[in-house]
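Colleague: Please take a close look at the aromatic rings in this model. I would like the ring contacts described one by one, with their surroundings.

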Amino acid sequence: MSKQTLERILQSQGFGTRKWCSRLIADGEVKIRGEIVSDYRIAYETEGLEFSVYGEEWKYREHVYIALNKPADYECSRKPSHHPGVLSLLPEQFALRDVQPVGRLDHDTTGLLLMSDDGSFIHAQSSPKRHIPKVYIATTDDPVTSQLVAQLLKGVKLHDEPAPLTAIICKMLNEHQLEIVLEQGKYHQVKRMLAAADNHCTALCRTEIGGLKLEALSLADGEWCYLDEAQRALLAAP
Ligand code: URA
């Protein structure tokens with residue numbers, strides 16, 4: 001439980017500098033339980049606090065945990081260069097509170113992308129020590145063969161990796177699609193593994209992280225949702 005002044009609360013939620021937040025309050029743009037609050041010095045209990053800014057409802061969140069159904073042609077990098085950044089798909093408050101992608105998907109990869117402003121969550125989710133399985137559906141240029149599946153399961157050598165990289169599960173879905181489950185997250189890993197096995201990935205979608213399935217979230221392309229505690233607990237478990 002912690003009490004904070006309204007201007008500090010708004011600042012922590014990404015509404016701008018303290019000065020800007022106190023201006024919002026003084027201008028009558030902030031309401032709590034439907035009533036304008038115009039004194040920025042009043043302290044509120046943050047837990048469970050609901051408020052509106054410019055008529056839009058918000059709930060106080062110490063940290064945000066987000067799942068985005070990433071469309072193609074968005075970059076995960078902080079300074080996107082060729083395509084818009086994934087943060088442009090979220091309310092602008094999230095960039096101001098330093099929400100960032102957990103790991104990266106290539107600009108042309110679609111599917112489940114986690115985002116958060118909780119450093120320890122980002123660190124834990126990205127740690128290779130945790131062996132969190134990630135499921136990808138890869139579309140291939142050349143037909144999928146049983147030899148390709150066997151090769152990906154046995155391991156393929158990439159020139160800058162000391163040991164061969166393996167898929168922990170690899171299934172043929174149809175003539176040009178594979179389901180690949182990886183526990184590592186090396187740069188362009190699926191594409192490079194397919195290239196090393198003499199095929200070529202033409203489309204890639206991440207469908208699961210741990211036990212969290214994109215399908216269960218019912219997000220259209222480019223849509224996002226908050227993840228609750230139960231959904232976050234699924235992230236580690238297969
Ligand atoms: N592997 C890739 O090649 N690209 C991604 O975006 C994710 C995994």
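Modeller: Start with a charge over a ring. Arg232 lies over the face of Tyr65, 3.9 Å from the ring centre. Arg41 sits over a ring too, that of Tyr40, at 5.8 Å from the centre. Keep in mind that this is a predicted model.

Now the ring pairs. A pair of aromatic rings is described by the distance of the centres and the angle of the planes. The count here is seven aromatic pairs. Take Phe15 and Phe51. Their ring centres are 6.0 Å apart and their planes meet at 75 degrees. Planes over 60 degrees apart count as edge-to-face, so this pair is edge-to-face. The pair links distant parts of the chain, 36 residues apart. Phe15 is in the loop between α1 (6-12) and α2 (18-26). Phe51 belongs to strand β5, residues 50-53.

Burial comes next. The cut-off for buried is under 20% relative accessible area. Phe15 has 8% relative accessibility, so Phe15 is buried. Phe51 is at 1%, so Phe51 counts as buried as well.

Turn to Trp224 and Tyr226. The centres of their rings are 5.1 Å apart, with the planes at 85 degrees, so this pair is also edge-to-face. Partly exposed covers the range between buried and exposed, which starts over 50%. Trp224, at 25% relative accessibility, is therefore partly exposed. Tyr226 has a relative accessible area of 26% and is partly exposed.

Ring pairs join Phe15, Phe51, Trp58, Phe94, Trp224 and Tyr226 into a cluster. Both pairs described above therefore have their rings in that cluster.

How values were computed:
Residues are numbered from 1 along each chain as its sequence is written. This is a predicted model: local features need pLDDT of at least 70, side-chain atom pairs count only at pLDDT 80 or more; totals for chains, interfaces and linings use all residues. Side-chain values use heavy atoms; hydrogens and water are left out. Rings of Phe, Tyr and Trp (its six-membered ring) pair if their centres lie within 6.5 Å; planes under 30 degrees apart count as stacked, over 60 as edge-to-face and the rest as tilted. Helices (H or I, at least four residues) and strands (E, at least two) are DSSP runs, numbered from the N terminus. Buried means under 20% relative accessible area, exposed over 50%, partly exposed in between (1.4 Å probe, protein chains only). A charge sits over a ring if NZ of Lys or CZ of Arg is within 6 Å of the ring centre and within 35 degrees of the ring normal.
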